[in-house]
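The entries below follow the order in which I looked things up.

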Amino acid sequence: MLELLPHLLHQALFGALAAAGFGVLFNFGFRALPWCAAAGALALAVRTVGQDLAWSLEGASFAAAIVTSCSVSALRRQLGPACNAVALSGCIPMVPGAFFGQALLGFLSVTAPNLVDAETTLIVAVQSLLRVIFTLGAIGAGLLIPAHLLRNQDF
Amino acid sequence: MEQQQDPVIARHRDLERIANMALRAGRIMMESGASVSVVHAGVGMIARGFGVEDVGMRSGYASLEITLHAGGNTITRMIQVGRLGVNHRLDQAIRQLAVRVAQGGMTVDEVEAEIGRLARDTPRHPAWVVAVAVGIACASFGRLLGVDWPAFAAVLVAGTVGQYVRHQLLHQGVNVFIVAGLIAFLAATLGGIGSILIKSNTVSLAMMASILLLVPGVPSTNAQTDIMDGYPTMGSARAVWVLMIMVFASVGVWFAEALLGLRTL
């Protein structure tokens, strides 16, 4: 397990940077940005542990979103109604944008003239698209279920 | 003049001002990234803070409608909603205002003035700060995807330039989908050229990481939230919007790959 630590720290660090970067884009205040970074680090750490345990990307993303949402909900006295937004910002680095792009590029490739091995191209594109749909669903459900059950206030 | 003294018309005018003011607050929340249920709750709190008995709302992708009932009078009004973005501080400020209005004690004039002040004065990070932050975020995404360190620098520059140009184009009113296509082409080309020049082994991944600033993460989760909250029409509209953005972004990457000789058109 110790040999996985550098990889875990790497993923958590860049998860934190990605979440904080998008926090700036979403106009979070400077006081909220460290919370976004912490949520991103936690989400990526949990997802990485899950994938190291041979879970699917979708399962690991669901677990990461649940843990992030629950952790942020535990801090709602400090964060107030912004806690749901902080959890969402933390999970942004898990949004499978690259798979989405790969899926659409794959579908564009299928229509190209003189395509070699069309079946493989199509299957890879469909796999990527399904992965996007299921991962987005997993992240959304993982964020929403604790927020609803714990009755996080929106105001 | 005589019409102004008619008590029924006067009550309608009061109700109309409340409706328009509540809709304005709802529009800002919607344009700032709030889900439909939050917008409905916020608008309802503001209206009820002025003694409105019943509030009915309908949300479309580009408009909000409200029906208010108070003292035997009913009024329905609609407002257009602009481009849906994300502005956390403004969203939270309007929510706090809704709580204050719901507690009572504010006049319509005061609330209108406060909404205008929040829309005008809520701070935003400077464009260059946002650009650098987004560049760092894209490069970090790249590391999570597996780009090597030389490509990290290229993605950082490509993401920063891409975000800055996107900001300028959106402020000039260019269509959001065309912006997505143009920025995907620009950022992917910059990321690809930079990665090739620095002799990266992950050129294709770097090109993909360079466009991740365009991935609409908040709208895609809001789409799911809206559907789960009982607003499937709005959720579906958001999902279609997300799909369209990604189609345009993918076409931009496609052309960039063709330009760099990584793909044939």
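**Entry 1: the nonpolar patch.** The model is a predicted one, and I read it as such. I started with helix 11 of chain B, which gives the largest share of the nonpolar patch, 8 residues. The patch covers about 1000 Å² of surface. I listed its members: Ile178(B), Leu182(B), Phe185(B), Val240(B), Leu243(B), Met244(B), Val247(B), Phe248(B), Val251(B), Phe255(B), Leu259(B) and Leu265(B). Two elements of chain B give two or more residues each, helix 8 (176–197) and helix 11 (232–259). I noted a general point on spacing: residues three or four places apart in an α-helix point the same way, because there are 3.6 residues a turn.

Entry 2: I picked Met244(B), which sits in helix 11 of chain B.

**Entry 3: chain B as a whole.** I counted 11 helices and 3 strands in chain B. Along the sequence the order is α-α-α-β-β-β-α-α-α-α-α-α-α-α. The C-alpha trace of chain B spans about 80 × 35 × 30 Å along its principal axes. Of the 265 residues in chain B, 52% are buried. For contacts in chain B with a separation of 6 or more, 65% join residues 24 or more positions apart. Chain B exposes about 11600 Å², and 59% of that comes from carbon and sulfur atoms. I also looked up the charges: chain B has 20 positive and 18 negative ones, and their mean positions lie 10 Å apart.

**Entry 4: a buried serine.** Next I went to Ser140(B), in helix 6 (residues 127–145) of chain B. Ser140(B) has a relative accessible area of 0%, so I recorded it as buried. Which residues does Ser140(B) contact, leaving aside neighbours within four places in sequence? I found Phe14(A), Leu17(A), Ala18(A) and Phe152(B).

**Entry 5: a helix of chain A.** Last I checked helix 5 (residues 83–91) of chain A. Because 7 of its 9 residues are buried, helix 5 of chain A is largely enclosed by the rest of the structure. The buried ones are Cys83(A), Val86(A), Ala87(A), Leu88(A), Ser89(A), Gly90(A) and Cys91(A). What covers them includes helix 1 (5–25), helix 2 (33–52), helix 3 (57–74), helix 4 (76–79) and helix 7 (118–149) of chain A. Helix 10 (217–228) of chain B is also part of that cover.

Note on methods
Residues numbered from 1 in each chain as written. Chains lettered and ligands numbered in written order. Predicted model: local features only at pLDDT ≥ 70, side-chain atom pairs only at ≥ 80, totals over all residues. Heavy atoms only, no water. Patch = residues over 30% accessible without salt bridge, like charges linked within 9 Å, V, L, I, M, F, W, Y side chains within 5 Å. Areas by Shrake-Rupley, 256 points an atom, 1.4 Å probe, with all protein chains shown as cover. Salt bridge = Lys/Arg side-chain N within 4 Å of Asp/Glu carboxyl O. Helix = DSSP H or I, 4+ residues; strand = E, 2+ residues; numbered from the N terminus. Buried < 20%, exposed > 50% of the residue type's maximum accessible area, 1.4 Å probe, protein only. Contact = heavy atoms within 4.5 Å. Lys, Arg positive; Asp, Glu negative; His and termini not counted. Charge placed at Lys NZ, Arg CZ, Asp CG, Glu CD.
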